[in-house]
Each structure stands twice: as structure tokens, then as C-alpha cells.
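Biologist: I'd like to learn how to read a model like this one feature by feature. Could you walk me through it?

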Amino acid sequence: MAPPGPLRFRLRQPRNTAAAHWSRLQHRRSLLARSIDEGAGRRPDEPMSRGGVSESGAPEVRAARGEMAAAEAEMAAREEPPGAGPGLEQEPGAMEPGAMAEPAPGAGPGVEAEPGAGLGAGPGPERPELCFEEEEVQHEEELLRNPFSVRGWLRYAQARQRGPRPRLNQIYERALRELPGSYKLWYQYLRQRRAQVKGRCPSDPAFEEANAVHERALVFMHKMPRIWLDYCQFLAEQGRITRTRRTFDRALRALPITQHRRLWPPYLSFVRKHPLPETAVRVFRRFLKLCPEEAEQYVSYLRSVGRLDEAAQVLARLVNDERFVSRQGKSNYQLWQELCELLSQHPDRVRSLDAGGIIRGGLTRFTDQRGRLWGALADCYVRCGHLEKARDVYEEAVQTVMTVRDFTQVFDSYARFEESVIGALLDTQAQLGRGQDEEVELELRLARFERLMARRPLLLNSVLLRQNPHNVHEWHKRVALHQGQPDKIIQTFTEAVRTVDPQRATGRPHELWVAFARFYEDNGQLDDARSILSRATRVRFRRVEDLAAVWCEFGELELRHQRHQEALRVLRKATALPAKRAEYFDSSEPVQNRLYKSLKVWSMLADLEESLGTFQSTRAVYERILDLRIATPQIVINYALLLEEHGRFEDSFKAYERGIALFRWPHVGDLWLTYLSKFVARYGGRKLERARDLFEQALDGCPPQHAKTIYLLYAQLEERFGLARRAMAVYERGTRAVPPAQQHDMFHIYIRRAAELFGVTHTRPIYQRAIEVLGDDAARELCLRFADMECKLGEVDRARAIYTYCSQICDPRITGSFWQTWKEFEIRHGNEDTIREMLRIKRSVQATYNTQVNFMASQMLKVSGSATGTVSDLAPGQSGLDEMKLLEQRAEALAAEAQRDTPRPTQQVLFVRAEAPPGAEPSLSQQGNPEEIDLGDDEGDEPDEVQLELWDGDGDRDPLRAPLASPEASWEATKPPLTFSP
């Protein structure tokens, strides 16, 4: 079956509307003719087409006009039957499929076609029929109803997108004739026009037609920047440079200034692409009037095209404009750096600016970059060929820079400059030969370079002194650099003492004066050295110690040259009372008025008087020191020893007392100890009451950490010259007065002295009090010594009681040595009951410590090796449980473990012999030795030898098979040494 052909329609109208329809037909005819002319590319008043073909020769035009004439003839000749309504009616079979011709490009909603039927009465030849596709008919009918619908026209054009291009252009032209102000229609039409010529040769006439359409569009769309941008880009792609530039200018004139920012980027990009620097510069200048902040872009372009002079001018304006903010994030210094780089690297091409003046202005403006700016200025002169000016710049730079970094940069550049000049001379001489003048110049250059390298340490020192001219250490280094040059050294010292301000000096300013004087002294000029020191004594130093050091150096100068009396005269002059006295630390007064209280000068004077003067003069000096209240404990001791050497013992004791009155604890401690020792050594027991009063005065207000030595001296005095009872009382006071850390040693000495003076039995109350006062560790040690003493005295029960008491502070898991000692004691001196009692106490103590939560936690942490842990460390997997609950669980587990380890004897063991066990006939009271263990000899089934197994607290068995050894032998083998701390 063949596909159906185009449908044929016939326009039917009633007879009474024929006149009105004829008038509408005439109007549509004129519109159709105009659209056909414009679609064919010819103006209505143009008789010929653009290609030079006559109107009758255009095939599309001829077909369209022939169809229109045929339609008019049929309309005029035909008369519709009455009563027929308007509308479209299909006549099936009127035409075979495919027999209808293609509709004319100009056909549209302004023409209704009916094959074989006329639109009105009138003569005319028969015309070919206008044929439409079914889809076009729908669009035509819709546009006939609403010709001003932009969406309808767009749908129509979209439907004919793949059709012939002239037909599509005709649809857009008809649409724009109805809606000339529609941006959407114009945009889509222009887009289609540009797509139609894409890929063609730029000389193709279609480009001109497309350009003409753009120009027509701009008549209505001159305020739309997108139309201008697309048109300018379209022209640029065609290579029409001048027309593109003019179009950009027209766009800038047509659009408001708020839209100019959309045009300038493509405009600038366009002028950059073509080698037209003059045009581009003019465009950039116009652009900068709108956007002055984009000046860096202009500078970049100028540098790229080689117009460096104008680039430097623009950069200079940017640097001087404080309101300029760089779009590229550059600071004012970075812009200045670019300007200096431009001036220094291209001095021959930048003529409008003074490179030297600009760079020197930057030296005062950017003080932290002076090194680079000096290098840029010298580089500018080097590139201009002014080598001597460049050398002068470098010399000026190394003499003025303030930082080591700037100096390093300048000096390295200076050295490279000299090396390059020498290298250039060598190359020139190698090519042209060496003459006498060239040899001299080369030697001069080499000498300059060597001198420059030799001056580097001195130049660097000058930089540091420019940073801080009051730096004493750097002045000393500068003097060392001039070693072997006396004139330079004297000049440096003179400049140093004139420059350094003592109030702002870094270091000790008096050392400059002292070193200056020693320089003259080393060279044999003593008068000049004394003159320097004399001037130094009049300098207003910041501290009294500086002036005192100068006076002491003055005195030592005289002593070095055996002028002893001059040295005494100098120091006496230094310690003389000023006209106006001032306090030592009163900084508002000059140091000369405070020097009389300088201990350094007084100490040297006292040493000189003691060595060179008389006893009276020396004593007067010490008395003056004490009157000024500037003495130290050592000064007091020296004064007292001086008096003692001359047999003035009471005066020496008075000196001690005056010194003691000047100081407080702990500084007075040495004075008291020396005073008490000297007094006891001098008088012994002759002035016992006075000695006791001195000791009591020393102990009054004595801190605990310094009381031990005094108490021991006091007790020693009583032992040697007083009463032993008073000595014991002093020891007792000493054990109470010393700090806890020294109580252990004090009790040791107390016990030892009491045993020597009154016997070991007198030490029992001392032991008891020490055990009560001391800590657990010290008390445990004393308990063992106390029990050992009782064992030696034969007091076994007392020793056992001491062990029992001490066991309360001995955890079996930590203090295993104590329990082992007690066990050995019971083995030597006890019986079965006492051993079992000891084991019971051990288990009881262990259970007590197990139930003490805090102690148990600390011990478990100690065992696990995490002394800084917490209770949660004991159960890492149960961190959510309560910590106290975990400790209780652990304590219960340990108690259960201890209960399981308790031995279960086969027969009853009585800890207290209230009744005899079954089978034991004789009572314990009838036995000759109550400590003998009777296992019942009458039982015939018991073996002759009974093995006694003892259970210790750890659950281990200790079989006792051998007979017990002698208690004395065992004690001699295991007793601890009895030592006393001195």
C-alpha cells in the first residue's frame, strides 16, 4: 500500500461573506508578496535580485506568484453554495498521493489554499495549487488565530528545523514582521544564520547576508549586550578587524555604562590577538577610564609589546596612589619592586623617569628591603655602563645598611660585580693582548677586590654598631679587628667611650674604660692609663658596681706596679663620704654619691689594710663597714678572726654579736655556728651559764632545718662540761625540734648517747617514743633494733611483744624480711604455740590489709607496675563498673584465697593450753621444761621421730627435722649491725 500523499484542502465560505473575504484576500496578497520579496533577498522596490537575476527569472518567486494568481482566479470564478460554513474540508480522491507540488517558501498563515477552487469571482488564468504538509497546516492555523504568539512562531520554526534553510529563514522573517521587538525570535534567527554559514569561506556572500540580518536586528535589539557580543565575535571570526573594532565601539556607545563590563573583556582579548599595539594601547586607555583598578593588566600588555617607558610611568602612578588596591593581591612594595626591576634592567629604554631618584626614594620608604634596592640601583648603573658610579653605590651601601641581611646581599653583589669586571678585563686582554695600561688596570682591580674581601669583618662590625652603637661587646670585637694597629685601636677606644651611653649600654660599659687603660699600661704609658681611669671615675654609670669596678681596677693598677701607698690612697678616696649621701639603690642619684656603700670597694680596702696597713687602720675599716650595715657574714667572720689573731677575744665575740644583730635566719646560721664553736673552744666549762645562754639565744627562732647542728653542739657541751641529764634533755628537745626527715638520725644519736651514758636499759623509753613518732619504715627499723636489744638482754617476752606490736605495720606481701626475722626468732626462742601464734597474727594482718581498700589498691597498682594508674586499671574490661565495687570484689577474692591457703591439721591444735589433748597423760605443769614440746611418748602407734610442719602466711610448708640450734649461735649469724649516725 502506497503512503498517502499530501492532503488537499478547500476553503469554503458562505455567499454573503464573499465581499469581506475578497478584501481580506487582497490584504493577505500584499503581505505575501512582500514576504516573498524579502525571503528571496530583494527589497520591494528593487526590480532585480541581489544575484543579478530578474524577478521573472527567480524560480521560487515565479512559482509563488503563479500559485497566488491561480488562487485569485479560482476564487473569483467560483461561487460557494449557500449555507456552507467556513472551515476546512477534505476532499478525498481529489488528487493522487504525491501529486501535489511543494508549497512555496513564502506560504504562511496569510494565505489559505484550496486546490481546484477560486477565492473569489474574477478573471484570471488557472494557477498551480499551494500545498502544505499536515504539520505545517496545524501551525499555520494556530498562527492564523494568533499571529502575535512568540511561542507559536518558535514551535513552527522548531518543527521546520530540518527543512530547507530558505523556508526556515522565511518563517523567521514572517515572525519578525509580526513581532519585530521579540528578543527570543531575533536571538534564535541570528543563531540559525550563523550556524548556516559555519564552515564556509569568509568571502562567501552568505556572510554578508548574515551580517545584514545582524544589522537589522540591532535596529530593534541595540540595548541587548548578548546580540552585540555575538555579532562582534561573528565578525572577529570572519577576520574583519576594522569592522569588528567599530562594532565594539558602536556597542559601547549604544549600551548603558552598567553593561560595559560585559563588553570590555572580549574587546581587550580581541585587540591583544592582533599585532596592533597602537590600537590596543588606545583601547586600554579608554578601558582604564572605566576600570582604573585593572591597570596591572595594562602594564602587563605594555611589557609584552616592549613599550617599557609607558609601563614604568603607569607603575609609578600606581605606587604613588595610596588608594590603589591590586586585583592580583600585590602589595605596594611588590609594585615598587616591579618598578625598580624595570628601571634597573632596562635603563636605556625607560627615559621618562629618573631611575636613581626613584630607587633612592624607595630606600627611605622601604627600610626593610634596602639591600635589594641598593643592588637594583647599582645594577642600573652597570647596565648603563657607568661602572665607577656603580662602585660608589656599593661603597655607599656597605657603609649605610643597618642589618646583616642587607649587608650580605649588598656585599655579595659587590663581590660579584668586581669579579665580573676582572673577568671582562681578562677576556679583553686575551683577545686583544696585554698592554702596560691594561696590566696596571688589572692589578688595580685585583687590589681593590682583595681589599674588599679583607674589609668584610670590619664592615660587618660597623653594621652591628650602626644597629646598636651602645653594644660594648661589638666595640671590643672592633678593637680586636685592629690588632697590631695602635693608632686604629686608640681611635676605636676613643670613639667607643664617646659613643656608648652608660644608661643604655648593652654589656658592662666600664669594661671599655678598663680595656682602654690596660692598652696604655701594656704599652708602658702609665700616666695615660691613670688619666683614662681618672676620667672613668667621673662617668655617670648606670650601676654602682660599674663605678666600683673602675676604682678597684685603679687600685690594682697601682698594685701591679708596686705602688702600694698609692693603691691605699685611691681606695680611701673611693670610700670617702660624699658631700650628699644617698641610698645604695636610689637610682635618682648619681653613682658617685652611692659609691661609699659599695661592699666591693670596702672589701678590697679591708684586704689592703690587712696586708699593708696597721691593726688599728684595719679595725677602723671593719668598724666602718659594720656601721654602714653593708657587711656580709663572711666579712663579720673575717673581722672576728682578725681580732682573735691579735688576742682580742672579747672584741671578736662582740663582732660576732654585732654581725648576728644584722642578719636573720638562714644567713645568720654560719655566724652562730662559728660563734658557738669559738666560744666553747675558748672558755670550755668556765663560763658554762653564758654558753648555755648563747645556745638558747641561737635556738630561739631557729628554723627546724638548721636546728640539728646547734642541738648536737649544745648536747656535746653538756656532756663535756655539764650534766648528762641536761644532755639527755637537749637530745629530747632536739628530737622534737628537727623536721621529720631528720628525726630518725636524731633518735639514733639520742639512743646511742643514752646507752653510753646510762646503759641500754635507759634507752627503752626512747625506743618507745621513737616508734610512736617516726613513720612506718623508720619505726619498723627501730622495732627490729629494739627487739634485738631485748634478746641480748634475755627479755624474750619483751622482744616477742615488740614483734607483735611491729607486725601491725608490716604487710606480709611487702615486708617479708620482718616476718622472716620474727620467724627465725621464734624458731630460736619459741615453741609450737608461739610459732602458731605468729602465723595467726601474720594471717590476721594480711587479712586486715586486704580489707583496707585504699591500701590494697595502691599495692595492687604497685605490683602491676602502674604506679600512676587508677583503680580502673585493675579491671580494664569492666570500665563501666563502680571502682569501689571492683576493689571490694578484689578484696573478697584475696580473702578467699588466704582462707584456702590456711592449713587443715589432722588433729586439733590448741593455741592456748587450757586442757590436755586426748592421749596426753602428763600435764604441762608437771614437765621439767615448760618450753619442751611433748608429743606423747605413751602412744605406741606414733613413730619415734615426729616431723613438725609449719605453715607460714604464704601457704608454704616449713619442715623442721633437725634439732634447734643454739639461740646464741643463731643470733650471732643473723643479727643486723648496730650502727649510729654521727
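Biologist: Let's start with a helix. Which exposed residues does the face of helix 11 turned away from its buried side carry?

Modeller: Keep in mind that this is a predicted model. That face carries Arg282 and Lys289.

Biologist: And which residues of helix 11 are buried?

Modeller: The general idea comes from helix geometry: an α-helix has 3.6 residues a turn, so residues three or four places apart point the same way. Here, the buried residues are Ala280, Val281, Val283, Phe284, Phe287 and Leu288. They sit on the same side of helix 11, because the arc they cover around the axis is only 165 degrees.

Biologist: What do the buried residues of helix 11 pack against?

Modeller: Their partners are helix 10 (260-273), helix 12 (295-305) and helix 13 (308-320). As for the helix itself, residues 277-290 make 14 residues, and the span from first C-alpha to last is 20 Å, close to the 20 Å expected at 1.5 Å a residue.

Biologist: On to rings. How many aromatic pairs does the structure hold?

Modeller: There are 37 aromatic pairs. To read one, look at the distance between ring centres and the angle between planes; an angle under 30 degrees counts as stacked and one over 60 as edge-to-face, with the rest tilted. Take phenylalanine 653 and tyrosine 683: their planes are at 50 degrees, so the pair is tilted, with ring centres 5.9 Å apart.

Biologist: Which parts does that pair of phenylalanine 653 and tyrosine 683 tie together?

Modeller: Phenylalanine 653 belongs to helix 30 (residues 649-662) and tyrosine 683 to helix 31 (residues 669-683), so the pair ties together parts 30 residues apart in sequence. Phenylalanine 653 is buried at 2% relative accessibility, and tyrosine 683 is buried at 12%.

Biologist: How does the pair of tyrosine 731 and tyrosine 750 read, stacked or tilted?

Modeller: That one is stacked, at 5.9 Å centre to centre with 20 degrees between the planes. Tyrosine 731 is in helix 34 (residues 724-737) and tyrosine 750 in helix 35 (residues 740-758), so this pair ties together parts 19 residues apart in sequence. Tyrosine 731 is buried at 4% relative accessible area; tyrosine 750 is buried too, at 8%.

Biologist: Which residues do ring pairs link into a cluster?

Modeller: The cluster is Phe653, Tyr656, Trp672, Tyr675, Phe679 and Tyr683. Tyrosine 683 also has a charge over its ring: the charged end of arginine 682 sits 5.8 Å from the ring centre. Elsewhere, the charged end of arginine 456 sits over the ring of phenylalanine 411, 5.3 Å from its centre.

Biologist: Now the backbone. Where is proline 666 placed?

Modeller: Proline 666 is in the loop between helix 30 and helix 31. Its peptide bond from tryptophan 665 is cis, with omega near 5 degrees. As background, most residues other than glycine have a negative phi, and most peptide bonds are trans.

Biologist: What phi does glutamine 562 have?

Modeller: Its phi is positive, about 60 degrees, although glutamine 562 is not a glycine. The residue is in the loop between helix 25 (544-560) and helix 26 (564-574), and at 57% relative accessibility it is exposed.

Biologist: And arginine 629: which loop holds it?

Modeller: The loop between helix 28 (615-627) and helix 29 (633-645). Arginine 629 has a positive phi of about 60 degrees without being a glycine, and is exposed at 59% relative accessibility.

Technical notes: Residues are numbered from 1 along each chain as its sequence is written. This is a predicted model: local features need pLDDT of at least 70, side-chain atom pairs count only at pLDDT 80 or more; totals for chains, interfaces and linings use all residues. Side-chain values use heavy atoms; hydrogens and water are left out. Rings of Phe, Tyr and Trp (its six-membered ring) pair if their centres lie within 6.5 Å; planes under 30 degrees apart count as stacked, over 60 as edge-to-face and the rest as tilted. Helices (H or I, at least four residues) and strands (E, at least two) are DSSP runs, numbered from the N terminus. Buried means under 20% relative accessible area, exposed over 50%, partly exposed in between (1.4 Å probe, protein chains only). A charge sits over a ring if NZ of Lys or CZ of Arg is within 6 Å of the ring centre and within 35 degrees of the ring normal. The expected span of a helix is 1.5 Å times one less than its number of residues. The arc is that of the directions from the helix axis to the C-beta atoms. Contact means heavy atoms within 4.5 Å.
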